[in-house]
Every structure is written in structure tokens, then in C-alpha cells.
Amino acid sequence: MGVLIQFVVLGLCTGALYALAALGVVIVHRGSGVINFAHSAVGALGAYTFYELHDAGHHSFLIAFVPSLVVCALAGLIIQFGVMRPLRDSSPLTHLLATLGVLALVQGLLSLHYREATLAVASSLPRGRVSMGGIHVGEDRLLILGIVLVAAVMLALLYGGTRFGRATAAVAENQLGASYLGLSPGLIAGANWAIGSMLAGTAAILLAPITGLQIGQLTLLIVPALAAAVVGNMNSFPLTVLAGLVIGVAETLAARYANGADWGSAAPFLLVLIVLSLRGRALPDRSHLRMILPSVGSGRIRPVALVIATVLGIVLLNALPLAWVDGATTTVTMAVVVLSITVVTGYGGQISLAQVVLGGFGAWVAGRLVASAHFGFLPALVVGVLATLPLGIVVGMPALRARGANLGIITLAFGVAMEALLFNSGSLTGGDVGTQVGVPTLFGIHLDTMLHPRNYAIFSLIMFILAGLAVANLRRGKAGRRLLAVRANERAAAASGVNTTAAKLYAFSVGAMLAGLGGILVAFRNSAIVYSNIHAFDSVNVLGYGVIGGVGYIVGPLVGGVLQPGGIGTNIGNLFSQSVQDYLPAIGGALLIITLITAQNGVASLEARRWGPALDAGARAFRKLIRRAVVAEPAVPAAVSAGAVTKVTPRELRAEGLSVVFGATKALDNLTLDVRPGEVVGLIGPNGAGKTTAIDAVTGFVKTSSGRLHLGGKDLTGSSPRRRAEAGLGRSFQSLELFEDMTVLENLLVVSESRSWWSYVTNLFWAGKPQLNAAARAAVELLDLGEDLHRLPTELSYGRRRLVAIARAIAGEPSVLLLDEPAAGLSQHQSAELKHLLRHLAEERGMGVLLVEHDVDLVMSSCDRVVALVFGAEVAAGTPAEVRNDRRVVEAYLGEVEPDDDTRPTDREEALEAAAPSARRAGETASAGTEEA
């Protein structure tokens, strides 16, 4: 027991340093909203500065310590004002990628001078030992624990009881509002970056004597620091410190009792996985800030250009000097790994920092099959690629409840755990000797890179082309449209019937197989595979390559792969200097930052705009020459008259006693309503009445505290939004929630296409021909959207976008359609047309329609029945005339009315009519969040 307690105490001391670094992460996030992945790199900068002054320069602790913290503070200020400030209007994803660029840049610069050597650093803290009940602990460890606890208390006091702390909280809550109060968000963010960076430097300086001063080792500090900060919800100092201490204890105990396996490295991953699984949501709420991702290509294949490029590539590989062939092989094999980022992030919208580890796992499976089971190269390659699929699902599971930077943190932690448990395990990989795989052959052709390097280069090029074709087919097929729908808007995708769970796991599965293919191609270039060379943090570089090249474009990975050390970029650089390869990591980090500031869509997007029209013109000329179409374009669907559309399956919607509670606020109070086939029911009330909450409750986007929901006699209570959509519930959103990265045609296809599971397989080989269903074609004609089908929603006016949202809701052929303020932003003529559309849907299509609308005139003239809400509770229900004359409804819109003696009963109706224009204007400008009680 004494040994156990002693190791627990040692773990607390190590965990204290993790907590100290994590506090810096929390402070930076509090002040700027940025999760700083470069935190440990800034700390390493301070640690090396301290080493130069203290150990190499023999200055006292204080003289070395203070300038080191100043260097860290300056680094934080440079990041804030030089990188983050130009990106202040960008998405959280861009901020995350920018910090990854800073991480690569700083780590690359430090590596130029210090390489990978581990430097011994003497501790300046007391080195004596303290004995307590048979437990012996170093004084320095206990002092570190005390320093961290005191620092946590001081930070809590600073941010909880001072004007600076309140200003930081105000900026974090609302930067625009804080500016109106005379606060400077930029200066406050800079101050917090400086404080957080100094904490990172302090943690690194205190940790270096324990672990040794080594760049890679200090970089790993970011994993437990981020994990602890996530547990603290990027806000709580006590929870963050507790999480850091728990991770430190878990690592120490694992090192003591795990019998050689480094299970301690898995502690951050397991802790974050548990916390995010409990805290996360299957679907984001209305307040969720969606990430704006780089643009995506069309996935269009130009056969003539592809054939020419392939032939030219093969000719060049047979003509170039061997050094350049080797560089081309490095670029192409890494491009296959980067192609996995195109699927996971470019199409799926998910952040993965585990792609290199997934590639390494595929290489490990293939290598062991060749070495131990004597598989041939091709069977081993196929099995190795397929073996990564289940691991990809494991990596993707956290994406079901985590998003954005949190997902990046957990995938990075998973990669670090895999590196420690698998790739650094000599018994599983062969250690420094590696796994002997010999010379790969394919159909009698030797592919070894020593004697036949051109063969292997051509084989790698063919593999990239085949993988690229599969990804292009995916982009143009049903499966790709589902991925893009989830990427653009999870809520709208679920409401459209898309299985968001399946889509996310599919993206990670395909991405894992592509990474596995690339990992195998990289590994089998050598006759012996040394798995200890696979590092989790290389995934940061891979994501950077993808963003620089163009994460949404097939050619982007080739552009990014040029930056891989040993690739074509090295060959080009060697023309000027033989040491250019040493500079590529830092150059890659700098290019990532520059790309994010100047061209966030990547190099490939610029080239697509430059060369795309010329290639299209050449393709048209070629088609005319040979009198046939080389590529089938998605045709504008032919118009179908509204009368030709059959009626929907009639189902009655019945909601009984629905209640929704947000904290202490009851947003919906015992609402009971029914919508029958063929009728339009209006739901009215002032802002904050709970109308949108009612739609969210019916469609499954908020959890009800009580009540039941039936559709056509089927109990949907507790069902997911997707299940409700499949059962026949369709809806629009107050804030539109369109799929901004997809054309209007693709928006409609997502809803109208069949959702067969086998398209996830077949679309990798054949994209199929997009075909709108009859309901979608009728919606296009009814709303006059034919000319807009091949435009992006962002290219349309707000009114036209509102019509697209309505058309998308209709295209799913729902039995009951719930429309949330469909007239907001429409012209008077369009509102009149909307009235006719509502009656058409009810009378000719047989739909039940629930209309939430601030335009009272539209509601009263188009609805069969009307229900009025005030503060989440029903105050009136009946025919439009009955509700219009109800005193409680008039008071809800106009306040308490004190009638004169000669007031006629019809004055209430006139008052409500007078209020309608102002109510309508309020509805047009209401944001998505104003309905939340």
C-alpha cells in the first residue's frame, strides 16, 4: 500500500504540471475563444530559452526564468496579433488550423538548431527528500504541486474578482457588446495570450528536468494539457486542475503496474472520451456555431485531361533522374494519405488528427502478414487496407457526440496512445530492426525501390489515380451528398432524413482505408519497416498539407504532398541548397498560416478557377468532334405540372401535453395540438412565445420533459429527428439551414433521393445519375427555381433562398409539413404566392401543414385553424376569426387594452390587423435564436 501511495503522490506532482499547462490553454480560450494547439510549442520555446540562459549560460534561476517567460509572452502576442487577428472573422476551424501551423513552424525552427537530441537540464528546485509514514518524495515534486495549486487559486481570484477578469468574461460572451462598453477585445485577447503562454513556459521549464529537454517530448505536453482543459470545459479552473492531476496519477500508476505496455499514454484519450461521451450531443442545438469549412470541388472527372496527365506522369517517371523519381514517389504516396483528409474533413466536415496513425496501422497489418504469414504483396495490401476500416470506425465514434476542436483533441490523443501502445512496442513491431518484408512484387513485376524505383513510382501513381477516382465518384454520388449535407448542417441533414451517424462513420471508414493504403505504400518502399518512425504528431503535418493543397479538391493532396520531406519540394530545394529538407517542416507551418490568411480554400481551388474554364472548353470541343458526351452533366430536371403529382400518404399528427424546459425556464407548457391531412394549422404568438420550440419538440430537436407524439397512429415519442423525417414529418427552419456548399439541385437531391445503404459502396465505383423525384420537380416548378438549380444558395437573394428552403421541405413528400416563418424576407407578391402554395399542398397534395408565422394576415387568410401561444402556453385556439377576436391574443401583441365606452367589438380585430405589419417586420428580421425562451 505504501508503494501505491508513493506512486500516487508522484503522479500528482507530474499531473500538476499538466494542470499548469492546461490552465494556460483555458486562459487563452477564455480571452480569445481559440483552442491553442501550439501551446506546448510556445512552452518549449521558453524551456529552450531557459536552458540557454541557465544551463549553457550559467545565469541564476531568476535571471534565466524571467526572460524565458517574457519570450513566451512575446510569442503569445505575436500569435494573437500576427496570426489570429487577421483571422478574427474566420471560423473556429481556421483558428484551430492556424495554431497547428504555429505548432509546426515553432517545432520546425527548434529542430533546426537542437535536432532530436535530449538535453540534460539541472533542476533549480530543492533536491532533498521528504519522508512521511514510509513514503519518500522529492522536495522538488512537492514544491511543484504547491506552486500549481497556488497558481490555480490566484488565477481564480484574478478572473473571478477583478475588473480584468470581468472584462475577459465580457469579451468571451459578446465581443461586439464589449466594444460598445469601451473594452478592446484585441487587447484583452492579447493579454490572455501572454498570460497563457507564460504558464506554458513555466510548465515546460519545470518539466524539463524530469523528462529531459527534447522537442518531441515537450510537444507531447499538449495532449494531457488539452485533455484536462476539455474536462474543465475550457472554463473551469478547479475541474481543469483536477483533470490534470487525474491524468498524472493514471500515467504514473500505469507505468508502475502495466507490465511494460505504455498504457499511461492512453489516459488522456480515455478521460476525454468518457467526458465528451457524457457531455456531448448527438445533434447540435440552435445556438451551435457551425464551422465554415474550405470550399469543395465538384468531383467532376475530365477523362481527356486525366489520360493526358497520367501518360505524362508515367513518361516523366521514366525520364527523370532517380533522385527525382524517389522524390515523386514520396510525394505521391503521402498524397494518398492526405487524400483521406479530403474525405474526412473536406467532404465529411470532421477533424481528424489520427490519419498517419491509421496509415501506420494498415502498414503494420500488411507488414506482419508478409513477414509472418508469408502473404504476397497484393493480398497483404488489400487486407491491410480493409483492416483499417474497423479502426476508422473506432476513431470516428467520438464524432457522434463531439465536434470541431474537441474532436481534433480526442483523435490526437488516440494517435498518441496508438503510437505508445503499438508502434513503440518492440514485441509487436520488431523494435529498431523492424519487420522484414523483402522486395514486393506484383504479377511478376519487381517493385523494390532500390533496383526498380521507377516501377514502384508508377505503381504508386496508379494507386493515387484509382483512389482519386473513387473519391471523385463519391463526391458526385448520393453518399457524397449526404456527407456534404452533414458537413454543412447536421440539424438540416437529420431533418432531411440523412442518417448523420452513418454518414460520419462512413467518412472515417473511407478515410481510414485511404490512409491505410497510403501508409502501406509509404512503408513498403523499404525492405524492413521500422514502425517506431511513425509519430502521431505527423498527422498535424498531413492535415496542413491537405489545407494548403485544397482540402476539398482531389488534386489538393498532390500539391500538399510536395511539402513532405524527401518529396518533390526537397528536390526543388536541393537545386539551391542540400539542407532544404531540414527546413520543410517550418516552411510547411509558415505556408499553412499564409494559406489560411490569404487563400483558405487552398492552392487547388485557385488553379481550378484558373484552368477549369479552359478544360471545359476543350472538353466541349472534343465532344463535338467525336459526337458523344464524355461526361454526363446533371441535367436541369424537366418541369412537371403540379397536378401530375400524386397525393402524399395521409397521416394525422397528434401532440399531447408537450412540455420543454431549459434550465429554470419552461419554454413549452403542456401544448396539445393536432394537424389533420388536408388542413393548414397556424401557430402564432409574439417573439419568445415558444413557436420554434414547439416545432423543435415535434421534430425531435429538443428533448421534451413530458408529453406524447403520434403520427398516423405511430408513437414517435423519443424518436430521433431522422426517424421522424422517415415517418413523414418534414420541416423548414427559421434560419433556413441550407446546405451552403451544395447547389440548389443538390440540396433537393439530398431530400428526394432514395437512402439505400449500398450506395455507400457503389458510389466509390460509380456515381450514378442524379434524379429528382416528382415532388421535387413539382416544387421547382411551383416556386420557379429552374434557373437557380445549379447555383449555390449563397449566390441567391434572401427571398430566393427562403423559397429553396421551402422547396427542400416539400421534396421529401412529408405527410405533415412544419414551416417556420416561411414568409420572412419574401416580397408581397411572393407572400401571396406562398398562400396559394399552402392551400395547394393541403387541398391537392393532401398534406397537413403547421404554419408558424409572424405575418398574421397570411396566417388568417390561409389557415383552417389557428393556435396562439404566449410564454409557451396555449391561450387561444379555433378558427381564424375566433382567434383574431380573442382578447388574450390582442393583449399578447399590443399589451393590455383599456376600451372606451364606445369601443365596438370589432375594434379588437382592427387593432390586431394594425399590429400585423409590425409583427411581420419583426418576423422578417428575427434570428434563429430569438424564439428560444
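# Exercises on a predicted protein model

The protein has 38 helices and 16 strands. Helices (H or I, at least four residues) and strands (E, at least two) are DSSP runs, numbered from the N terminus. This is a predicted model, in which local features need pLDDT of at least 70 and side-chain atom pairs count only at pLDDT 80 or more, while totals for chains, interfaces and linings use all residues. Residues are numbered from 1 along each chain as its sequence is written, and side-chain values use heavy atoms, with hydrogens and water left out.

## Exercise 1. The whole protein

Task: state what share of the 933 residues is buried, and describe the contacts and the surface.

Solution. 
- Step 1. Take the cut-offs: buried means under 20% relative accessible area, exposed over 50%, and partly exposed in between (1.4 Å probe, protein chains only). Buried residues make up 57% of the 933.
- Step 2. Turn to contacts, meaning heavy atoms within 4.5 Å. Take those between residues at least 6 apart in sequence: 78% of them join residues at least 24 apart.
- Step 3. Accessible areas come from the Shrake-Rupley method with a 1.4 Å probe; for residues, only the protein chains shown count as cover.

## Exercise 2. Aromatic rings

Task: count the aromatic pairs, then classify the pair Tyr506 and Tyr760.

Solution. 
- Step 1. Rings of Phe, Tyr and Trp (its six-membered ring) pair if their centres lie within 6.5 Å; planes under 30 degrees apart count as stacked, over 60 as edge-to-face and the rest as tilted. The structure holds 13 such pairs.
- Step 2. The ring centres of Tyr506 and Tyr760 are 4.4 Å apart and their planes stand at 45°, so this pair is tilted.
- Step 3. Tyr506 is in helix α22 (residues 500-523) and Tyr760 in helix α31 (residues 759-762), so the pair links distant parts of the chain, 254 residues apart. Both Tyr506 and Tyr760 are buried.
- Step 4. Look for a cluster. Ring pairs link Phe377, Tyr456, Phe459 and Phe524 into one.

## Exercise 3. Charges over rings

Task: which rings have Arg731 and Arg808 over them?

Solution. 
- Step 1. A charge sits over a ring if NZ of Lys or CZ of Arg is within 6 Å of the ring centre and within 35 degrees of the ring normal.
- Step 2. The charged end of Arg731 is over the ring of Phe733, 4.0 Å from its centre.
- Step 3. Arg808 lies over the face of Phe739, at 4.5 Å from the ring centre.

## Exercise 4. Covered elements

Task: are the residues of β9 and α28 buried or exposed?

Solution. 
- Step 1. In β9 (residues 680-684), five of the five residues are buried, so the strand is largely enclosed by the rest of the structure.
- Step 2. Sort the side chains. In a regular strand they alternate between the two faces of the sheet. Val680, Gly682 and Ile684 point one way from β9, and Val681 and Leu683 the other way.
- Step 3. In helix α28 (residues 691-699), nine of the nine residues are buried. Just after α28, Gly700 takes a positive phi of about 90°.

## Exercise 5. One residue

Task: locate Val750 and list its contacts beyond four places in sequence.

Solution. 
- Step 1. Val750 is in helix α30 (residues 744-752).
- Step 2. Val750 is buried, with a relative accessible area of 5%.
- Step 3. Val750 is in contact with Arg481, Ala485, Ser496, Val498, Phe739, Met742 and Arg755, leaving aside its neighbours within four places.
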